[in-house]
Amino acid sequence: MFKLLLLLLCLALFDIQVNGFKHYVAYKRKIKFFSAWQQCRLYNGHLASIETPDENARVARAIKAVGDITDDWYIGGTDIGFEGRFVWIGLNKIASYLNFNPGEPNNNKNEDCLVMKGSKTGEKWSDVSCEYEAEGFVCAFIV
């Protein structure tokens, strides 16, 4: 039993070293997408990438710690360059886990950037104009 637990611990630590564990911090400040992206880079992080339901929940917790989850908060997804195919700008990686609100993404008026917003259906995403001033943004830090 001890060997099995040790093996599982080693595998978990290996996964964290290879893929990194993301720590999320939300910043409450009216901001546009590319300014948020720059701020995260200045803080030695990246605009939040969300690759699992667990990460989605952790981003929501970070937002709730500083503000209202029912407001719009920038995360690092964008489909600039290829409409409908979202990538995580901080990882340069196609977004395979998606968690959109019903009816989203809708690209209404050329919406290419993602926000998280809480509602009765949970903490889900919507596309917005990159020039939209969101309530805040979430940075991810690989630890």
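Predicted model: local features only at pLDDT ≥ 70, side-chain atom pairs only at ≥ 80, totals over all residues.

User: How many disulfides does that come to?

Analyst: One is formed by Cys40 and Cys139, with sulfur atoms 2.0 Å apart. Another is formed by Cys113 and Cys130, with 1.9 Å between the sulfurs. Both distances are within the 2.5 Å cut-off. The count is 2 disulfides.

User: How many residues apart in sequence are the parts that Cys40 and Cys139 tie together?

Analyst: The link of Cys40 and Cys139 is left-handed, with -90 degrees about the S-S bond. Cys40 sits in helix 2 (residues 33-42) and Cys139 in strand 8, so the pair joins parts whose separation in sequence is 99 residues.

User: Is the disulfide of Cys113 and Cys130 left-handed or right-handed?

Analyst: Cys113 is buried at 0% relative accessibility, and Cys130 is buried too, at 9%. The torsion about their S-S bond is about 85 degrees, so this disulfide is right-handed.

User: Which element gives the largest share of the largest nonpolar core?

Analyst: That core has 21 residues, and Ile50, Val59, Ile63, Ile75, Met116 and Trp125 have the most contacts inside it. Two or more residues come from each of strand 1 (22-31), helix 3, strand 3 (73-78), strand 6 (113-119) and strand 8 (134-142). The largest share is 4 residues, and it comes from helix 3.

User: How far apart are the end C-alpha atoms of helix 3?

Analyst: Helix 3 has 14 residues, and at 1.5 Å a residue they should span 20 Å. The model agrees with that, because the end C-alpha atoms are apart by 21 Å.

User: What covers the buried residues of helix 3?

Analyst: The buried residues of helix 3 are Glu55, Asn56, Arg58, Val59, Ala60, Ala62 and Ile63. Take Ile63: leaving out residues up to four places away in sequence, Ile63 touches Ala26, Asp68, Ile69, Trp73, Met116 and Val138. The cover over the buried residues of helix 3 includes strand 1, strand 3, strand 6, strand 7 and strand 8.

User: With which residue's side chain does the side chain of Asn56 make a polar contact?

Analyst: Asn56 lies in helix 3 (residues 53-66). Asn56 counts as buried because its relative accessible area is 6%, with the cut-off at under 20%. Beyond four places in sequence, its contacts are Ile50, Tyr97, Asn99, Met116, Glu123 and Trp125. The polar contact, at 2.8 Å, is with the side chain of Trp125.

User: Is the aromatic pair of Tyr27 and Tyr43 stacked, tilted or edge-to-face?

Analyst: The model has 9 aromatic pairs. For Tyr27 and Tyr43, the ring centres are 5.0 Å apart and the planes are at 35 degrees, so the pair is tilted.

User: What kind of aromatic pair do Phe100 and Trp125 form?

Analyst: Phe100 and Trp125 are both buried. Phe100 lies in the loop between strand 5 (93-94) and strand 6 and Trp125 in strand 7, so the pair ties together parts 25 residues apart in sequence. Their ring centres are 5.7 Å apart with 80 degrees between the planes, and the pair is edge-to-face.

User: Which residues do ring pairs link into a cluster?

Analyst: Trp125 turns up here again. The cluster linked by ring pairs is Phe86, Trp88, Tyr97, Phe100 and Trp125.

Key: Residues numbered from 1 in each chain as written. Heavy atoms only, no water. Buried < 20%, exposed > 50% of the residue type's maximum accessible area, 1.4 Å probe, protein only. Polar contact = N/O pair within 3.5 Å; in protein donor to acceptor, adjacent residues only side chain to side chain. Contact = heavy atoms within 4.5 Å. Core = buried A, V, L, I, M, F, W, Y, C linked by side-chain atoms within 4.5 Å. Expected span 1.5 Å × (residues − 1). Phe/Tyr/Trp six-rings, centres within 6.5 Å; stacked < 30°, edge-to-face > 60°.
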